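Hi,

Here is the structure I said I would pass on. Have a look at it first, and my notes on what turned up follow below.

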Amino acid sequence: MDKKFYVTTPIYYVNDIPHIGHTCTTVVADILARYHKLLGEEVFFLTGTDEHGAKVAEAAAKEGLTPQEFTDRVSKTFSDIWPKLNIGNDYFIRTTNPGHEKIVQDLLEIIYKKGDIYKAKYEGYYCIGCEKFVTETDLVNNRCPYHPNKEVVKQSEDNYFFRLSKYVPILIRAIEDKNDPHHYEILPEGKKSEVLARLKTGVNDTSISRAEVSWGIPVPWDKSQTIYVWIDALINYYSALKINHQESFWPADIHLLGKEILWFHAVIWEALLISAGIPLPKKVFAHGFYTIDGQKMSKSLGNVISPKELLEKFGVDGARYLISTSFPALEDSDIGWNKFTEKYNADLANGLGNLVARIAKLCEKANTPFSSKSSLHFTKKVEEGIKDVRLDKALDSIWSSINDENKRINQERPWELEGEKLENFLIKSAQTIRQIAFDLQPFLPQTAEKILEQFKGPKIKSAPPLFPRI
Ligand code: MSP
């Protein structure tokens, strides 16, 4: 049987339009998906939009639209932008898809019948910005620290609760013990320790329905309530496969997401799945956040970077490169227009672009015969970097061969060589360039294809610059 690989991004809330934060997770997922496709594996890559809940209903009301009209409009801004970035997702899930709604209800019904759901009073606070129940100790000046401009809502209502506490010991074992039948990985290591520490301090059962929110999927056994948006959203990873009759891709190989939503992905999701008797995802990877010139990215600061602006300024592969080299795999990562422009010029225009242009021109002039018959494989460092979701490392290793080759050219001055010496130099260079292009395929698919075509032989010709200087 062919090897399978299933990768997901979070499904993004439609109260906001796409920005570079959403873009980075999606680009990274695309790189992993492309890499596994190139290895000949069967791949399913999922992204989409999260469309229910109080936050979306509120945003729709502000625009004077029904929630459905509003979500149709905003969801399209996500599904329209991804192809422009050469994102090759296999499906785009929307949680208002009736197929998804039915699967969510069926799954909850199973958990309910198992006795893991009970009714109780919820008294406490809710932050609409986070779409999250918050405790008094979470608050700073009576406000949620993440959404200080929004009042938290005091809530006292009958809700359905999921027996999360029952699953705590099972989850701890599943995370810690590689031989546990439920074993799954949480990465990076530091994040895994945080999750374990919190699990070990004890965890309460968690509310999975809302009485006051009508924009949601009805609780199947009690239509007076809707399913809490996070429960609805998490199930997308599973429902998308069912909708597409691609169940054989389950369990997911990797869920990619930002650190702020790790708890949902590394604890609540797994507990629900165990309760429903469904195998767990193999890996959950939580990355850090972008900051912009040292500040949080926010609408009120007016510093939000959109994928559209990135594309306009740097082109598809320029944008993909800048995102993957600055990807906040472990720590938060500070970016900004100046940093991006410098990096684009240094690495793409001067580094890669210049190397390819110089060698192609010399080959054309010398009419060097070139045969590209030898088959290529990913270099080890690229393989390792992608496996660990350390794209920065993978790209560093590719750029050190680019820089080494540019140095070799400066030292050996091929424009002063002739005959066999020149030919040998150029053939070696062209081979190096082909290896670089091969390794770049998952990251910069268009550029890699152009270079591989240009350097396939038997005659290598000059071409317009890959990355014009900015
Ligand atoms: N709808 C939920 C996710 C449900 S998944 C079952 C949600 N949506 S969101 O629109 O807020 O998107 C959050 C995700 O966007 C983060 O987890 C991360 O992947 C990405 N990012 C949002 N802002 C970001 C940065 N500033 N930096 C990097 N990534 C960020 O949460």
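Predicted model: local features only at pLDDT ≥ 70, side-chain atom pairs only at ≥ 80, totals over all residues.

H8 lies across E1, strand E2 (42-50), E3 and E12, and its direction is at about 120° to E1. Helix H9 (residues 262-276) packs on the sheet too, where it touches E7, E12 and strand E13 (283-287). The direction of H9 makes about 160° with that of E13.

The sheet itself is open and has 6 strands, in the order E3-E2-E1-E12-E13-E7, with parallel pairing. Which strands sit at the edges? Strand E3 (91-94) and strand E7 (185-187), each of which pairs on one side only. On average, neighbouring strands are turned by 20° against each other, ignoring direction.

In general, nonpolar side chains of soluble globular proteins tend to be buried together. The largest nonpolar core here has 88 residues, and Leu352, Ile359, Trp399 and Phe443 are the ones that touch the most other members. Helix H11 (residues 337-366) gives this core its largest share, 11 residues. Leaving out residues up to four places away in sequence, Trp399 touches Tyr321, Asp347, Leu348, Leu352, Leu440 and Leu444. There is also a second, separate core of 71 residues, with Ile208, Trp269, Leu273 and Leu280 among them.

Last, a helix with two sides: H12 (residues 380-387). Val382, Gly385 and Ile386 are buried in H12. Why do they count as being on the same side? Because they cover an arc of only 95° around the axis. Lys380 and Lys387, on the other side of H12, are exposed. The cover over the buried residues of H12 includes helix H1 (20-38), helix H13 (391-412) and helix H14 (419-440). After H12 comes Val389, which has a positive phi, near 55°.

That's what I have, so over to you.

Cheers

Key:
Residues numbered from 1 in each chain as written. Heavy atoms only, no water. Buried < 20%, exposed > 50% of the residue type's maximum accessible area, 1.4 Å probe, protein only. Helix = DSSP H or I, 4+ residues; strand = E, 2+ residues; numbered from the N terminus. Arc of directions from axis to C-beta. Contact = heavy atoms within 4.5 Å. Core = buried A, V, L, I, M, F, W, Y, C linked by side-chain atoms within 4.5 Å. Pairing = 2+ DSSP bridges. Axes fitted to C-alpha atoms, helices over the stretch in contact; angles between N-to-C directions.
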